[in-house]
Amino acid sequence: MTELKPLVLDVDGTFLNTDLLYEGFWAGLGRDPFTTLRIAATNLSNPPQLKAELAAAVPLRTDLMPVNPAVLEVAKAAQAEGREVCLASASHRSLVEPLAAQHGLSERVFATEGRVNLKGAAKAGALTHAFGEKGFLYAGNEATDMAVWEHAETAIVVGKVPEAETLSTRGVGVVNIAGGWAPKALWKAIRPHQWVKNVLLLLPLIASHRFDLVTLVPILFGMLAFSFAASSIYIINDLLDLEADRLHPTKCRRPFASGAVPIKVGMLAFVGLALGALGIAAALNPGFLGIVALYMLTSLAYSLKLKRMRWVDIATLASLYTIRVVAGAAAGQVDVSVYMLIFIFPVFVALGCVKRLTELTLAKNDERLPGRGYGRPDRGDLLNVAGLGVFGALLIFFLYSISDQGQMLYPDTWLMWVAMLPMGWWLIRMVALGWFGKQDYDPIVFALKDKFGLGILMMTLSLMFWAAGLWAEWFGA
């Protein structure tokens with residue numbers, strides 16, 4: 001009986017819908033950014049050493065890595081036939097061996113170790129030495145695998161590899177398997193639905209009653225810049241949170257965590273969006289450029305460290321929302337009231353608590369949230385802080401209504417006091433919905449889609465316009 005030839009699987013982009021080197025780099029940035037950057041900078045020209053040091057410094061949960069289901073099916077079918085199924089990867093051996101064991105594959109693995117970067121010709125040489133010329137089937141996904149396919153009996157091509165189209169003319173059998181990524185998955189990673197939060201840039205325009213195109217148009221461009229800036233940071237946040245997202249009941253479906261979009265594509269998208277944001281900001285004015293840069297740096301610090309620190313994360317979230325309001329004033333060249341900034345900060349503190357309350361209410365156990373500093377026992381403390389935020393916001397609003405600036409812009413002060421009723425109703429309702437887990441994971445996005453809540457906000461805004469005399473001015477009443 002003729003012994004069946006082994007099936008050899010490349011790992012990065014073939015067996016896995018991700019890349020272990022990039023996984024290690026981003027996991028390292030999330031845990032110890034300075035050490036990770038030092039390892040990357042000192043070993044950039046020495047891939048084997050880079051992979052060895054990253055693998056040693058950053059333990060990865062290879063059991064959580066997204067597997068290409070079509071390739072896994074081929075592997076299981078080969079095992080059922082009696083073939084040996086091996087992994088051969090340019091990733092470090094310390095990562096490839098546990099991956100093979102976790103999926104019940106052969107203990108014999110081929111991987112980078114010592115001074116040998118097992119890629120291209122080096123991999124071809126190792127496999128030919130082990131199995132002989134044409135003595136194995138090989139699955140890969142990129143042009144560098146041509147060096148291996150040329151020595152294999154059968155080339156299993158995952159995704160589109162134009163160079164592989166010539167293999168059949170060289171006497172190599174070719175089997176094609178679906179792979180690659182779809183642009184709509186990257187669009188999902190950019191999270192355009194989150195751009196609605198940038199309506200906060202309009203608040204200075206509304207508060208100062210500057211309803212003219214000269215003020216509005218720059219703010220609209222500012223909203224676009226902030227949309228690009230926010231999306232660039234969403235990508236960074238997702239890349240830093242790969243492991244935590246894979247442990248989350250819904251975030252595990254995010255494009256990078258699920259493997260729907262390659263990490264390398266995400267990195268390029270980040271660069272493009274960040275440059276777009278800074279370019280638009282520079283075209284508006286230097287002050288706005290500085291605010292966008294501050295927002296991006298603060299968001300990056302939040303993603304790297306601050307989001308894991310109890311209470312600091314909520315204060316940072318509130319600051320990031322507040323920066324949007326300041327940015328709207330800078331883009332439209334509008335003076336922003338100190339009272340407004342003092343008022344909106346406790347509002348956003350309350351909403352930051354709501355965000356964590358929602359996550360904890362929907363959590364399945366009392367353990368701390370992956371990548372966060374809170375567990376379900378913290379719900380009571382979060383509720384108390386949210387209550388303080390609501391009280392503080394209403395108190396500042398009342399003080400503003402009796403200030404010189406408030407009475408100048410809103411002469412009918414009693415209507416401002418009436419407006420506090422629906423405002424308080426909306427805030428308390430948001431906290432209650434978070435407490436009972438009936439919200440979206442992002443309260444701002446939820447608020448802008450919540451029709452009933454929007455109705456309450458419109459009541460508040462209408463009363464404020466009435467207090468300012470704007471309805472009479474606009475409609476001649």
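How do the residues of the lining of the second largest cavity divide into nonpolar, polar and charged?

1. The division is 7 nonpolar, 3 polar and 1 charged. The model is a predicted one, and it holds 2 cavities of 30 Å³ or more. The second largest cavity has a volume of about 70 Å³.

2. The lining of this second largest cavity consists of Leu20, Leu21 and Gly24, then Lys51, Leu54, Ala55, Val58 and Leu60, and lastly Ser91, His92 and Leu95. At least two lining residues come from each of helix 1 (20-31), helix 3 (47-57) and strand 2 (85-92).

3. Helix 1 also packs on helix 2 (residues 33-42), at an angle of about 140° and with the axes 6 Å apart. Helix 1 is therefore oblique to helix 2. On the helix 1 side the contact is made by Phe25, Gly28, Leu29 and Arg31, and on the helix 2 side by Pro33, Thr36, Leu37 and Ala40. By class, these residues are 5 nonpolar, 2 polar and 1 charged.

4. Lys197 deserves a separate entry. Its place is the loop between helix 8 (183-190) and helix 9 (203-208). Is Lys197 buried or exposed? Lys197 counts as buried because its relative accessible area is 5%, and the cut-off for buried is under 20%. Leaving aside residues up to four places away in sequence, Lys197 touches Tyr234, Tyr321 and Arg324, as well as Asp442, Ile444, Val445 and Leu448.

5. Ser401 lies in helix 17 (residues 379-401). With a relative accessible area of 1%, Ser401 is buried. Which residues does Ser401 touch, not counting those up to four places away in sequence? They are Gly406, Gln407, Thr413, Met416 and Trp417.

6. Gly290 is found in helix 14 (residues 286-304). Its relative accessibility is 40%, so Gly290 counts as partly exposed; that class covers values between the 20% limit for buried and the 50% limit for exposed. Gly290 and Ala330 are 40 residues apart in sequence, and their C-alpha atoms are 9.8 Å apart in space.

Definitions and conventions. Residues are numbered from 1 along each chain as its sequence is written. This is a predicted model: local features need pLDDT of at least 70, side-chain atom pairs count only at pLDDT 80 or more; totals for chains, interfaces and linings use all residues. Side-chain values use heavy atoms; hydrogens and water are left out. Helices (H or I, at least four residues) and strands (E, at least two) are DSSP runs, numbered from the N terminus. Buried means under 20% relative accessible area, exposed over 50%, partly exposed in between (1.4 Å probe, protein chains only). On a 1 Å grid over the protein atoms alone, a cavity is a set of points where a 1.4 Å probe fits but cannot get out, and a pocket is an open set with protein on both sides within 12 Å along at least five of seven lines; lining residues have an atom within 4 Å of a point. Grid points are joined across faces, edges and corners, and a volume is the space filled by probe spheres set on the points. Ala, Val, Leu, Ile, Met, Phe, Trp, Tyr, Cys and Pro count as nonpolar, Asp, Glu, Lys and Arg as charged, and the others, Gly among them, as polar. Contact means heavy atoms within 4.5 Å. Axes are lines fitted to C-alpha atoms, for helices over the stretch in contact, and angles run from 0 to 180 degrees between N-to-C directions. Angles under 35 degrees count as roughly parallel, over 145 as roughly antiparallel, 65 to 115 as roughly perpendicular and the rest as oblique.
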